[in-house]
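This report describes how some parts of one protein chain pack together. Please look at the sequence and the structure first.

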Amino acid sequence: MTLPVHTTSPTGPTTARAQLFHDGTVEDYRRAVAAGVDRVARRVAEVTGPFTGVRPDQLAPLVDAIDLDRPLPDTTAALDELEEVYLRDAVFFHHPRYLAHLNCPVVIPALVGEAVLSAVNSSLDTWDQSAGGTLIERRLIDWTAHRIGLGPVADGVFTSGGTQSNLHALLLAREEALAGASPTDRRILLPRLRIVTSAAGHFSVQKAAKLLGLAPDAVVVVQTGPDRRMRPGAVRHEISRCRRAGLPVLAVVATAGTTDFGTIDPLAEIAEVCATAGVWLHVDAAYGCGLLVSPTRRHLLDGIERADSVTVDYHKSFFQPVSSSAVLVRDRRTLRHATWHADYLNPARMVTERIPNQVDKSLQTTRRFDALKLWLTLRVMGPDAIGELFDEVCDRAAQAWELIAADPRFEVLTRSPLSTVVFRWQPAGTGPELTDAANLHARAALAASGLAVVAGTRVDGRQYLKFTVLNPATTRDDIAYVLDLIAEHAGRYAHTHAAVRSADLTCPVG
């Protein structure tokens, strides 16, 4: 049989089909991807700071001026344009003076995984879309659950990040709390359910409560002690108080690596409180999960093995590209609360046929094969090497804390067992309002200079700065250099504004 021949104009379907990745375009694919990789490699090799300091009002007109209805002639032209609107001003987390948020430099095996998974484009919802990908993800979940110590019936699934993982875990906890309730009883109980968490916990707990249809005051916040850790006695007190008021506690959320302080709640003691009270314990270890592979610090997570659910973010402390996260549960049966069978996708009969469909566990349907990045990292580097990198950043943060504590220009707060340092410029004799303003100014001025990027937060109503060290290449000298820059910016601001205020006070009225 002779197949029909289709002819089209140069701008018609034939030209468009030439951009599809298939056996006939593999050489075009190699050239295009190599060109993109080369652009990134050259940019990374050339940057002298983590940021250019570009302002939104400078960059937005360039992006807004692009006519998306008029394509460029080729990939080279598109990459040239991308240099102007993205690569030139990107924030580069590999730079040793990026010290702001929980963004890590990434390892090369994971970047290889990213290239492979995006090209093959598996969707990890059903077996008939992913095959080996499903088994690799399941194996990594089993490996992580074993590292945590959750037991033989543990399970889980990869997610987009810690916020989704926390939402997923609290959904399961809600459904367990309402198990067996009639529809009428659910309507009565739902607004009465409570979640107990730490004042230093992640905001995603409050967001999850809202998405789960709980009451506006459903999240009960337990204040931390001076060490910025949740107090087990306070958790016990809140559980009892809620129960006396007829408010069932659906979960306690403890944190292994708070975003602001890098602190780890006393997991073993909180687990005992929850076990005694019969309350679901969720541990948000999005940040601290790197300790699971640490050769020297694994003991800091003691007690996590007693959790009912755990959040891990490999893209924070396993040096993986975004996104790479998972939620794990002690009892795989609880994952049924996220299951919905669709005849066209994952009919119920597949369960009896033992066909492994990951969508049966996930809040997402279409889902990237992000597990491949971690798989290749473990196969190339091994877990001990990843743990050594995480130990390095924790050691560097400890050195930073000591450096700041010994510097009379600064005040430093609680020492973190992880890689966070909270501090502020505060020389003797500077008032609190001027100190706050000077620290805010120093952070903004530092970013505008492009020489370094640090984070900021408020503690007890006052403005602080924050180092989040996640780059093993960051040195003690880098830390000292950034501290000098902060002191220079803050000191100049404080001197100028103190002089203006003094002039205002001495100037005669009239």
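This is a predicted model: local features need pLDDT of at least 70, side-chain atom pairs count only at pLDDT 80 or more; totals for chains, interfaces and linings use all residues.

Residues are numbered from 1 along each chain as its sequence is written, and side-chain values use heavy atoms, with hydrogens and water left out.

**Two helix pairs**

Helices (H or I, at least four residues) and strands (E, at least two) are DSSP runs, numbered from the N terminus. Axes are lines fitted to C-alpha atoms, for helices over the stretch in contact, and angles run from 0 to 180 degrees between N-to-C directions. A crossing is left-handed if the near helix is turned anticlockwise from the far one by less than a right angle, and right-handed if clockwise.

| Helices | Axes come within | Crossing angle |
|---|---|---|
| α2 (residues 26-46) and α4 (residues 75-85) | 11 Å | roughly 20 degrees |
| α7 (residues 132-148) and α15 (residues 371-380) | 9 Å | roughly 65 degrees |

On the α2 side, the contact (heavy atoms within 4.5 Å) is made by Ala32, Ala35, Gly36 and Arg39, and on the α4 side by Thr75, Thr76, Leu79, Asp80 and Glu83. Sorted by class, these are three nonpolar, three polar and three charged residues. Here Ala, Val, Leu, Ile, Met, Phe, Trp, Tyr, Cys and Pro count as nonpolar, Asp, Glu, Lys and Arg as charged, and the others, Gly among them, as polar.

The crossing of α7 and α15 is left-handed. Ile136, Glu137, Arg139, Leu140 and Trp143 of α7 meet Ala371, Leu374, Trp375 and Leu378 of α15. This contact has seven nonpolar, no polar and two charged residues.

Helix α15 has these buried residues: Ala371, Leu372, Lys373, Leu374, Thr377 and Leu378. Buried means under 20% relative accessible area, exposed over 50% and partly exposed in between (1.4 Å probe, protein chains only). The buried residues of α15 pack against α5 (108-120), α7, β2 (155-159), α13 (314-317) and α16 (383-405). After α15 comes Gly382, which has a positive phi near 85 degrees.

**The nonpolar cores**

A nonpolar core is a set of buried Ala, Val, Leu, Ile, Met, Phe, Trp, Tyr and Cys residues joined through side-chain atoms within 4.5 Å. The largest one has 91 residues, and Val252, Phe423, Phe467 and Ile486 have the most contacts inside it. Helix α18 (residues 476-506) gives the most to this core, nine residues. Another core lies apart from it and has 21 residues, including Leu178, Val205, Val219 and Val329.

Beyond its neighbours within four places in sequence, Phe423 is in contact with residues including Ile404, Tyr464, Phe467, Leu483 and Ile486.

**Single residues**

Asp436 is part of helix α17 (residues 432-449). With 8% relative accessibility, Asp436 is buried. Leaving out neighbours within four places in sequence, Asp436 is in contact with Arg424, Gly461, Arg462 and Gln463.

Gly233 belongs to helix α11 (residues 232-244) and is partly exposed, at a relative accessible area of 40%. Ala45 sits in helix α2 and is exposed, at 66%.
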